[in-house]
Amino acid sequence: MVEVKNLSKFYGDIRAVDDISFTVETGEVLGFLGPNGAGKSTTMNMITGYISSTSGTVTIDGCEILDDPKKTKQKIGYLPEIPPLYVDMTVRKYLEFMFDLKKVKLPKKEHIEEVMRLVRISEQSERIIKNLSKGFRQRVGFAQALLGNPPVLILDEPTVGLDPKQIIEIRKLIKSLGKKHTVIFSSHVLSEISATCDRIIVISNGKIVADAKTDELSTSVSGEQKLALQIEGVSANIISAIKKIPAVTRVSKTFDMSENTAKYMVEYEKGADIRKEVFNAMSRIDCPILDMQSGNETLEDMFLKLTSSVQSGTVVGKRGNN
Amino acid sequence: MGAILKRELSSYFNSAIAYVVMAVYFFFSGLFFYSYCFEGNTSSLAGVYGNMFTIILFVIPIITMKTFAEEKRQKTDQALLTSPASLTEIVLGKFLGAFILYAICCCIFLIYAVVISFFVAPDWATIICTFIGILLLGASLIAINVFISVLTESMIIAAIAGMGVGLVISVMNYFINMVTIEWIEFILDKINFLDYYSNFTYGILNITDIVFFLSVTGLFLFFTVRALEKKRWS
Ligand SMILES: Nc1ncnc2c1ncn2[C@@H]1O[C@H](COP(=O)(O)OP(=O)(O)O)[C@@H](O)[C@H]1O
Ligand SMILES: [Mg+2]
C-alpha cells in the first residue's frame with residue numbers, strides 16, 4: 001500500500017507538486033495522467049526517495065521513506081522516465097549489478113533468468129545495452145525494476161517512444177504485473193491509462209484535478225449519455241427530483257458554484273432524451289435551470305477540460321468545469 | 001558497497017580509462033626511473049617519486065572524472081539513489097574503485113625495486129615507506145577529485161577542474177614564497193601537499209603526514225556525501 005499525504009515540491013518559486021494526497025491499495029493499478037510538466041515525474045521521484053519533498057510524507061506498507069530509507073526502498077521497484085542503464089554493460093551483467101545493489105536475497109541466477117523471461121529479453125542477455133533498440137532498453141529497465149519482486153512498482157511513462165506493437169506488449173506486461181504488485185504508472189496519453197488501470201488520477205500544474213475509478217470515468221464511452229446542468233436551489237431536492245425520471249441512471253453534484261447554485265452531472269440511458277422531463281421536474285420544485293448542456297463526453301474531452309483549466313477548488317470525482 | 005565497487009572496476013577496465021591511465025603512469029615512472037637510476041646511477045627511488053608527484057596530480061582527475069558526473073548525465077544516479085544502498089556506501093564504493101586502479105598503477109614501483117635489487121641491495125624500508133606515502137597522497141587526491149565530480153554533470157569539466165586544483169597544489173611552493181602576509185603563508189604551509197609527501201620519499205614515516213592525508217581523504221569523502229544529500233533537498 002502506498003500512502004501519499006500533502007506532498008509538495010517547490011523549485012524556488014515553481015510549485016512542481018502542490019499538496020497532493022492519495023492512497024493506492026495493495027494490488028491496485030493506478031494511472032497517473034497529466035500533460036508534460038504536470039509534476040508526474042517529480043511526484044514519482046519523491047515517492048521513490050530520489051528527491052526529497054518540500055513538505056508532506058510518503059508511506060509504503062507502513063514504512064516512511066525518511067525514517068527507514070533502506071527498508072522502504074527495498075519495497076519499491078522504480079523505472080524512471082529515462083531508464084537508468086549502464087550502457088557499457090551486457091544485459092545480464094547489468095541485472096546482476098542491480099541485483100547486488102538492491103541487496104536482493106533470492107537465488108541470483110534463477111531470479112535473473114526468471115525476470116528476463118518475464119519481460120522477454122532472455123535472448124538479448126549477452127548483448128551490450130548500448131546496441132539494443134529503444135524497446136529492448138525499456139524492457140531492461142523493466143527487468144531492473146522487477147528484481148527482488150518488490151511489492152510496489154513505480155513506472156514513469158514506460159511506453160514513451162515505443163512503437164504501437166511494443167506499447168501493446170508493455171501494456172499487457174503492466175496488466176499482468178498488476179495481479180501481484182501495487183502499480184503506479186504515469187503517462188500523458190489517456191488511452192494508455194484507460195486501457196490498463198483500475199483507477200486514474202489526473203494531475204495538472206502540480207495538483208490533482210480528478211481521482212476516480214476507470215469504469216466510472218469511462219461510462220460515457222461505454223454508451224451512456226450525459227447532461228451537465230447548472231441549477232439554483234437545494235441540492236438534495238434537486239437530486240431526488242431528477243432521480244425520479246425513469247431513464248436516469250445516475251445523478252451527482254460536481255461543483256458548488258456559490259451557496260445556492262451548483263453544477264450537476266446526470267447520466268441516462270442511451271437513446272432517451274430527458275431534457276424536457278428535467279425542465280418540468282425543476283419547474284415543479286421551483287429550481288431554475290441556469291445552464292444545460294447535453295453531449296456524449298469522451299475521456300479525451302474530459303482530460304482536456306480537466307487539464308486546460310485548473311480551478312481553485314480541487315474537484316475529485318467527475319469533471320472540472322464546462 | 002561491494003556491488004558498486006565491482007561495477008566501478010569493471011567499468012574502468014572495460015573502457016579505455018584504465019589502460020590510458022596505466023600507460024601514462026608507467027611511461028612517466030619508467031622515464032624517471034631510467035633517467036634517475038640508470039643515467040644518474042643511484043639505487044634511490046626518491047627522485048622518481050618526487051617527479052611522480054606532478055604526474056599523479058594530473059592522472060587522478062582522469063581516473064575520477066566519470067565517478068559521479070557521468071552517472072548524473074546518464075541518469076543512472078537514479079538507480080543508485082533509489083536503491084537500498086546508503087550514500088556513504090555509494091561514495092565509498094566509488095572511492096575504493098578509483099583507489100584500487102591507482103594502487104595497481106603504483107605497484108610498478110615494486111617492480112622497479114626488484115629491478116634495482118639485481119644490481120644492489122635496495123633500501124626496502126625507504127621503498128615501503130615511500131609506497132605508503134604515494135598511496136596516501138593518491139587517496140587524498142582521489143577524494144578531492146571525486147568531490148569535484150559530484151559537483152558537475154560533465155566529466156570533461158570534472159577532469160579540467162581537477163587538473164586545475166592539481167596545478168594549484170603543484171605550485172604551492174611558489175605561492176608560499178610569494179605571499180608576504182604571515183597568516184596566509186601559515187595556512188598555505190599547512191596544506192602544502194608536497195611537504196607532507198616529501199617526508200615519505202626520504203623514508204621518514206611521520207604520524208603528522210599520515211594524519212594529514214587521511215584527514216583530507218575523510219573530509220572530502222564527507223563533503224561528497226553531503227553534496228549528494230544536498231542535491232536531493234534543492
Ligand atoms: N530540477 C528542477 N528544477 C526546476 N524545476 C523543475 C525541476 N524538475 C522539474 N521541474 C519543473 O517542475 C514541473 C514538473 O515537472 P515534471 O515532474 O518533470 O513533469 P512531468 O513528469 O509531469 O512531465 C515542470 O514545470 C518542470 O519545469
Ligand atoms: Mg515526466
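Helix α1 (residues 40-47) of chain A is the largest contributor to the shell around ligand 1, giving three residues. Helices (H or I, at least four residues) and strands (E, at least two) are DSSP runs numbered from the N terminus. The model is predicted: local features need pLDDT of at least 70 and side-chain atom pairs count only at pLDDT 80 or more, while totals for chains, interfaces and linings use all residues. Residues are numbered from 1 along each chain as its sequence is written, chains are lettered from A and ligands numbered from 1 in the order in which they are written, and side-chain values use heavy atoms, with hydrogens and water left out.

**Ligand 1**

The shell around ligand 1 consists of A:Tyr11, A:Ala16, A:Pro35, A:Asn36, A:Gly37, A:Ala38, A:Gly39, A:Lys40, A:Ser41 and A:Thr42; a residue is near a molecule if one of its heavy atoms lies within 4 Å of it. These residues divide into four nonpolar, five polar and one charged. Here Ala, Val, Leu, Ile, Met, Phe, Trp, Tyr, Cys and Pro count as nonpolar, Asp, Glu, Lys and Arg as charged, and the others, Gly among them, as polar.

| Residue | Protein atom | Distance to an oxygen atom of ligand 1 |
|---|---|---|
| A:Ala38 | polar backbone atom | 3.2 Å |
| A:Lys40 | polar backbone atom | 2.8 Å |
| A:Thr42 | N or O atom in the side chain | 2.5 Å |

On its own, ligand 1 has 560 Å² of accessible area, of which the protein covers 60%. Accessible areas come from the Shrake-Rupley method with a 1.4 Å probe, and for residues only the protein chains shown count as cover.

**Magnesium ion**

Ligand 2, the magnesium ion, is coordinated by A:Ser41 (OG) and A:Glu81 (OE) at 2.0 to 2.6 Å. The pair links distant parts of the chain, 40 residues apart: A:Ser41 is in helix α1 of chain A, and A:Glu81 is in the loop between β6 (76-79) and α3 (91-101) of chain A. Donors are N, O and S atoms within 2.8 Å of the metal (3.2 Å for Na, K and Ca); water is not among the atoms, so sites may look incomplete. A:Glu81 has a relative accessible area of 41% and is partly exposed. Buried means under 20% relative accessible area, exposed over 50%, and partly exposed in between (1.4 Å probe, protein chains only).

**Strands of chain A**

Four strands form an open sheet in the order β2-β1-β4-β5 (chain A), with antiparallel pairing. β2 (14-24) and β5 (63-64) of chain A stand at the edges with a single partner strand each, so one side of each is left without a neighbour in the sheet. Two strands pair if DSSP finds at least two bridges between them.

Seven bridges hold the antiparallel pairing of strand β1 (residues 2-11) of chain A with β2(A). Across this pairing, A:Phe10 stands opposite A:Arg15 in β2(A), and A:Glu3 stands opposite A:Thr23 in β2(A). The two strands β1(A) and β2(A) form a hairpin with two residues between them, and A:Gly12 in the turn has a positive phi of about 60°.

Elsewhere in chain A, strand β11 (residues 225-232) is mostly covered, with six of its eight residues buried. β11(A) runs antiparallel to strand β13 (residues 261-268) of chain A, and eight bridges join them. In this pair A:Leu229 stands opposite A:Tyr264 in β13(A).

**Loop residues and chain B**

Most residues other than glycine have a negative phi, and most peptide bonds are trans. A:Lys103 has a positive phi of about 55° although it is not a glycine. A:Lys103 lies in the loop between α3 and α4 (108-118) of chain A and is partly exposed, at 24% relative accessible area. A:Asn149, also not a glycine, has a positive phi of about 45°. The loop between α5 (134-146) and β7 (152-156) of chain A holds A:Asn149, which is partly exposed at 41%.

A:His188 lies in the loop between β8 (182-187) and α7 (190-196) of chain A, and its relative accessibility of 31% counts as partly exposed. The side chains of A:His188 and A:Glu157 are joined by a polar contact of 3.0 Å.

In chain B, B:Lys190 lies in helix α11 (residues 182-190) and counts as partly exposed at 46% relative accessibility. The C-alpha atoms of B:Lys190 and B:Phe212 are separated by 9.2 Å, the two residues being 22 residues apart along the chain.

Notes:
A polar contact is a pair of N or O atoms within 3.5 Å; within protein, one must be able to donate a hydrogen and the other to accept it, and residues adjacent in sequence count only if both atoms are side-chain atoms.
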